[in-house]
Every structure is written in C-alpha cells, then in structure tokens.
Amino acid sequence: MDEAVESYTTACRFLSLNSAHLVEDKVYTTWTQEIPSTGKKVFISKVFSDEGEICSGETIEPGMLSYNKDRTLKAHLYTRDEASFLDIWDSDGLQKQYNLSEQKLHGLAYVNNLFSSLKWSPDSKHIVYVAEMEEKKFSSYFEKFSKEPSGDKYKLRDSWGEQLASCQQSVVCILDVESGVIQTIESSEPMFWATPSWYTNEALILLGYVQMPFKHGAIYCSNRANILYRYDLSSKNLKALTPEGKAISEYSVHETNQTIAMIQCEVGGPHRDYFDIAILSPNLDIEIVSTSTFCGGLGTTVLGNWVDDSSFLLNELHGAYSSVVLFDVTSKSKTVLLRELFDDKSLSFKFIDQIQSQFIFSYSSLNGVNCRFQCGLGYYDIKAPKNFKTYMKENRNENNFDFEVKGFSREGRQYNGIYVKGKDEKERKTLIVFPHGGPHSAFTTAFSRQVYAFADLGFSLLLVNYTGSLGLGKGSIHNLLGHVGDVDVKDVHHAAEDVFSRGDFSKVVVMGGSHGGFLTAHLIGQFPDFYKAAALRNPVIDIATMLGATDIPDWSFCETGLNYKATEPPIPSKETLALMVTKSPISYVENVKCPVLILLGKKDLRVPPSQGLRYYQYLKSLGVDVSAKMYPNDCHPLSTVECAADCFVEMSKLFS
C-alpha cells in the first residue's frame with residue numbers, strides 16, 4: 001500500500017494545464033495540482049517567454065478567463081459563496097470587480113461547463129456570458145402570510161443530467177464593462193440558450209438547445225438537437241440560421257466577413273460520432289465541406305478560430321493520437337501541423353489559444369515530457385513556421401517507461417491498443433487490461449495520471465481502442481451498434497490474449513469504468529479462467545434496468561441497435577427489455593470466479609450506483625470475493641482528489 005501511495009503522489013506532482021493565453025511575446029498560463037494528502041487542488045499561474053518560465057504564483061480563484069481582441073484586457077469569471085463575480089484586469093492589475101449576483105437578474109453564472117461562454121465584444125465595451133435563470137420562490141399551501149405564491153414549491157425542475165444538474169433554464173447576459181450594468185436577453189422561443197459569441201458589436205450568435213418533451217443528459221453527448229440563432233440587440237430580433245435535425249457541437253465566427261464554421265452531426269444515434277464540417281455564409285447558405293470524415297479531439301475544444309478567409313484550426317483524433325490540423329475550405333483538405341517538428345512521434349497535440357495564424361499548443365506523452373508538467377507548451381505561426389518554439393525543456397522523469405501503439409485485427413476489423421510496459425526495476429509480471437468507457441471514446445498517447453502511476457508501480461497496461469472507438473473511422477462506430485457485449489468484448493479479449501502470449505506475464509487483471517466497466521464485467525463472466533482480478537468503476541451491468549434510471553435513456557436503445565427519437569421516446573416492449581438483458585454482463589454473473597472490486601459515485605446520474613450495487617449483491621450471494629466502495633460526493637468520473645487517490649490505492653491492492 002505504501003508503494004501505491006508513493007507512486008500516485010509522484011504522479012500528482014505533474015501540473016495539469018487549465019489555460020494558456022498569448023499576450024505579446026509572453027504566454028500566461030494557469031495550472032492545477034492535486035494534493036492527495038489533503039484532498040485539495042492548488043491553482044497556480046505561470047508566465048513563459050523565450051527564456052522559459054519567468055514568473056509563478058498561486059491563483060486563488062479558479063474560473064474562466066477571456067482576453068479582448070487586442071489582448072490588453074482580461075476578464076475572469078468565477079463563483080464563490082453562492083455568488084458570481086467578474087473581474088477586469090489590465091497590465092497594471094485589477095481594474096474593476098463586479099458582483100454579478102447583486103443585481104438579482106440571474107442565478108449563478110455557468111463556469112467551464114458545456115453551455116458556458118465568456119466573450120468580449122469587438123469594441124471591448126461589453127462581455128457576454130451565460131447564467132442560470134433566477135429561480136422563483138414559492139411557499140407551501142399552509143404558509144398563510146407569505147408574500148410568495150404557493151403551489152409550486154416542490155415542482156420538479158428538469159435538468160441536463162450528469163454534472164449539469166444545476167443547469168435547468170439558462171439566460172444570456174451582457175455586462176457593460178464601464179458601468180457594470182447587466183442586460184439579460186429574453187425570448188419567447190422555448191430553447192435552452194448556450195455558448196453565445198459576438199457576430200458584430202450589435203448582434204450575437206448563440207445555440208438554442210431543444211429541451212422538449214424533456215431534457216436528456218448532455219455531457220459527453222454531441223448528438224443533442226440544437227439550432228444556431230442570431231440575435232440583434234437593438235431590434236431584439238431572433239433569427240434561426242440553421243435547420244432542425246442537426247446537433248452543432250461548436251462554431252467559429254470569422255472576425256471580418258461573418259462567415260461561420262460549424263462542427264455538426266445528425267441528431268440521435270451514438271452519443272459521439274464523426275462530424276460534418278459546415279460553412280454558413282452571411283447570406284445563410286450552408287455548404288457541407290467535409291462529410292462524416294472528421295473526428296474531434298476528446299475533452300477539449302475541437303474548432304479553432306479562422307486563420308484567414310479560407311482556413312481554420314481543428315483538434316483531431318486519429319488512431320491513438322490527437323493532432324492539430326489546418327482545414328482549408330476551398331480545397332476541402334486537411335494538413336497535419338507540428339508532428340514533423342518533433343523527434344518523438346508518439347506525442348499527442350492540441351491547440352490551446354489562437355490569434356489568427358499564431359497559436360499556442362500543448363504536447364504530451366503517456367510517460368511524460370517534463371518532470372514538472374503533464375504537458376509541454378509551444379508556439380507556432382502558420383504564416384511564419386520558422387518561428388516555431390517550445391517554452392520548456394524536455395527533461396523527462398528519470399524513471400520513465402516505454403509504450404507503443406499496437407494494431408490488432410479481428411474478423412476483418414482493424415483496431416488498436418496502447419501497450420505500456422511497467423518499470424523494469426519494479427516489474428510485477430502483471431498485465432492490466434484497460435478498455436475505455438463510452439463506448440464511443442478513445443485512449444490516446446496523451447499523459448494520464450492513472451496510467452503513469454500504475455506503470456511507476458511496475459504494472460504493465462494494455463489500453464484497448466476496440467471497435468466503436470473514436471479515431472477508427474465512422475464505420476467502426478456504427479459496427480458496434482447492436483453488438484455491444486459481443487464485438488467489443490471479443491476485441492478486448494483478443495488484444496489481451498495477443499499481448500499476454502508475447503510477454504512474460506504471470507497473470508492478467510482487468511479494470512474499466514462506465515462502458516469500460518460493462519466490458520470488464522463481461523470479460524470476467526465470459527472468460528472467467530483468464531482474468532484473475534477485476535475493478536469496475538460505475539459500471540453498466542444491466543442495460544434494461546438502467547433505462548429507467550439514467551439521464552441518457554437513448555443510450556440503452558442506440559447501443560442495443562434500436563431506434564430512439566427524443567421527441568417521441570419509445571416505451572420499451574418485453575422483447576426490447578429481453579434483448580437489452582441478453583447484451584448485458586448480468587447474463588454472465590454466475591460464471592464469475594475472480595476477486596472483484598466495485599467503485600461507485602453516489603451522485604452519478606449517468607450510470608446510477610444501483611447498477612454496481614445490484615452486481616455486488618449478486619456476486620455476494622454467489623460466494624464470489626467481492627467488495628464495494630461508495631463515494632458520497634462523487635459523480636460519474638470519480639474524479640474528486642480524495643476519491644481518485646483512494647480508487648487508485650484500492651485497485652493497486654487488488655491487483656497486487
């Protein structure tokens with residue numbers, strides 16, 4: 001146990017990048033460090049120049065940052081003590097601080113979530129952001145002298161589910177930077193407004209999410225129906241710019257000619273799919289310039305700003321690598337940037353900040369590129385590529401380990417995995433098989449604290465991107481629909497057998513979360529003699545019973561291979577429920593032999609803890625060596641500092 005604590009503490013010493021902004025010849029950054037011993041996060045600011053790191057300090061308030069067009073002013077939006085604040089900074093320091101909650105025009109501002117925004121107007125006189133609509137207060141029927149209306153005190157308020165439960169009805173807000181006066185935008189359209197941006201000084205572009213008949217979980221789901229609108233501030237006219245039936249993930253407005261680039265897909269179907277790239281001209285013509293060939297990067301901004309009149313930046317995922325690409329609208333072609341500039345071809349890249357052709361990017365690797373940071377930082381100018389530079393020395397940790405991306409083939413389908421070799425001096429001869437969640441997600445070669453810590457302990461790992469993963473092509477995603485519990489399970493097991501047969505391992509164990517937990521439960525049920533221990537994090541165990549408790553009921557239908565229409569949700573038949581059960585690991589529970597650890601978040605709205613609890617009860621009754629832990633303050637990712645650290649130690653104990 002002491003070794004596990006030491007390895008995880010070591011992995012937590014790497015700072016995680018939150019933001020980076022290019023201001024003149026310097027890069028202003030914010031970072032996070034997790035402290036397992038206290039269960040807290042420390043937020044740190046650092047400034048880099050050509051000479052490297054030149055300034056460092058502690059950032060007290062995490063939040064959203066935004067610079068105006070000429071980078072002379074910075075806005076900082078954050079919440080504290082159930083109130084929202086917006087600070088305005090210039091080169092001399094803090095100039096203005098506004099308590100946004102004082103005017104009582106809205107609830108808490110949205111900070112760093114799917115719907116949030118913080119944008120300066122082109123003339124730097126206004127800032128637009130999104131907040132929760134002010135909640136009306138009601139009294140009970142028996143409070144006779146209350147001035148508040150009675151009757152709706154306990155009315156159910158619909159939300160966007162997992163990690164967005166506080167997002168029930170949004171309001172778009174505009175702050176006058178000089179006076180501090182807030183203007184809210186009102187509309188009769190029954191939409192949930194999100195991610196506003198400036199079209200001109202007098203008009204906004206914003207997304208309206210369809211929320212009828214009820215909201216579905218939105219985080220990790222790029223297929224939720226929405227429409228792009230333009231709102232004119234003077235006339236208060238709201239105009240729809242895109243048709244119904246589309247799901248727009250991101251958009252980018254050209255600064256001068258108002259052309260809009262959009263990343264979109266069809267409504268419904270898998271929660272993450274390959275996107276179309278569409279261009280919306282000022283006269284409202286829409287041209288699809290790339291059809292279902294683009295795969296956005298994970299957990300990051302996909303679409304950058306326009307570089308010139310015909311091209312813009314994208315973060316893209318291909319195979320097990322994330323890359324920065326330049327997309328040219330005229331030729332409808334993509335050019336991969338940066339990779340050829342580095343000797344290490346295993347790196348993953350993403351752009352962080354952009355000013356026309358200049359951008360700041362991060363690069364990272366599973367075994368670390370720097371002994372202090374999870375990623376390195378660099379500068380690149382598309383118009384002047386010779387000006388490329390990095391801001392950190394690539395002084396890797398002395399005890400780094402090796403990894404390689406391996407290709408696999410089964411029944412004519414190609415997929416991949418990342419094999420990570422544990423440190424030689426601590427070699428445990430144990431292979432951890434690790435399928436990702438989703439299922440339409442992917443592992444990349446980017447730094448992972450959990451992987452680093454396991455490898456530091458001497459464990460080898462196999463991260464499997466099975467059929468259905470992003471980065472393998474649109475066909476791969478749709479090949480999994482209707483075949484979960486079969487194709488994905490056999491892909492993972494085939495890869496595990498291949499690596500096991502080529503290595504010097506004494507045992508194979510398996511771990512996974514969400515759909516990865518679903519696969520883990522399947523693997524120990526379908527191949528009970530192969531896997532010697534299993535750890536499941538918020539696992540899907542029974543698709544049928546999850547249907548009525550999850551924030552994404554469409555997932556149960558789609559992955560089972562059945563149609564689902566959000567505006568007319570189907571009532572499941574006996575045959576539908578039976579089919580869902582046959583594809584679920586609960587069907588194989590009686591075969592399980594190995595020790596099992598189940599890790600659950602009490603606040604999980606995506607895969608309710610009842611799924612794991614039911615599995616625990618079944619295994620317990622069958623006499624299997626099973627244990628479970630419930631984390632009261634955690635939701636689906638199990639990512640609070642204390643929880644993530646505890647989960648790692650518990651899994652390490654099990655696998656040892």
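**Close-up views of the predicted model**

**Figure 1. Helices H7 and H8 are roughly perpendicular to each other.** The view is taken from a predicted model. H7 and helix H8 (residues 574-582) pack at an angle of about 75°, and their axes lie 10 Å apart. Angles of 65 to 115 degrees count as roughly perpendicular, and H7 and H8 are therefore described in this way. On the H7 side, the contact is made by Ser556, Phe557 and Thr560, and on the H8 side by Thr576, Leu579 and Met580. By class, the residues of this contact comprise three nonpolar, three polar and no charged.

**Figure 2. Helix H4 packs against helix H5.** H4 covers residues 487-502 and H5 covers residues 515-526. The angle of packing is about 70°, with the two axes 10 Å apart; H4 and H5 are therefore roughly perpendicular to each other. From H4, the residues Asp488, Val489, Val492 and His493 take part in the contact. They meet His515, Phe518, Leu519, His522, Leu523 and Gln526 of H5. The residues of the contact of H4 with H5 are divided into five nonpolar, four polar and one charged.

**Figure 3. The second largest pocket holds about 550 Å³ of space.** Its lining consists of 28 residues, of which Ala225, Val267, Gly268, Ala566 and Thr567 are the closest to the centre of the pocket. Strand E15 (226-232) supplies at least two residues of the lining, as does helix H7 (553-560). In the lining of the second largest pocket, 13 residues are nonpolar, 10 are polar and five are charged.

**Figure 4. A cis peptide bond runs from Met212 to Pro213.** The omega angle of this bond is near 0°. Pro213 is found in the loop between strand E14 (203-210) and E15. Strand E15 also contributes at least two residues to the lining of the second largest pocket.

**Figure 5. Gly438 and Pro439 are joined by a cis peptide bond.** Here omega is about 10°. Pro439 belongs to the loop between strand E31 (430-435) and helix H2 (449-456).

**Figure 6. Arg71 has a positive phi although it is not a glycine.** The phi angle of Arg71 is about 60°. Arg71 is placed in the loop that lies between strand E5 (64-67) and strand E6 (74-80).

Figure 7. Along its principal axes, the C-alpha trace of the protein spans about 70 × 70 × 50 Å. A compact globule with 656 residues would have a radius of gyration near 26 Å, and the value of 25 Å for the protein agrees with this.

Note on methods. Residues are numbered from 1 along each chain as its sequence is written. This is a predicted model: local features need pLDDT of at least 70, side-chain atom pairs count only at pLDDT 80 or more; totals for chains, interfaces and linings use all residues. Side-chain values use heavy atoms; hydrogens and water are left out. On a 1 Å grid over the protein atoms alone, a cavity is a set of points where a 1.4 Å probe fits but cannot get out, and a pocket is an open set with protein on both sides within 12 Å along at least five of seven lines; lining residues have an atom within 4 Å of a point. Grid points are joined across faces, edges and corners, and a volume is the space filled by probe spheres set on the points. Helices (H or I, at least four residues) and strands (E, at least two) are DSSP runs, numbered from the N terminus. Ala, Val, Leu, Ile, Met, Phe, Trp, Tyr, Cys and Pro count as nonpolar, Asp, Glu, Lys and Arg as charged, and the others, Gly among them, as polar. Axes are lines fitted to C-alpha atoms, for helices over the stretch in contact, and angles run from 0 to 180 degrees between N-to-C directions. Angles under 35 degrees count as roughly parallel, over 145 as roughly antiparallel, 65 to 115 as roughly perpendicular and the rest as oblique. Contact means heavy atoms within 4.5 Å. The radius of gyration is taken over C-alpha atoms; the globule rule is 2.2 Å times the number of residues to the power 0.38.
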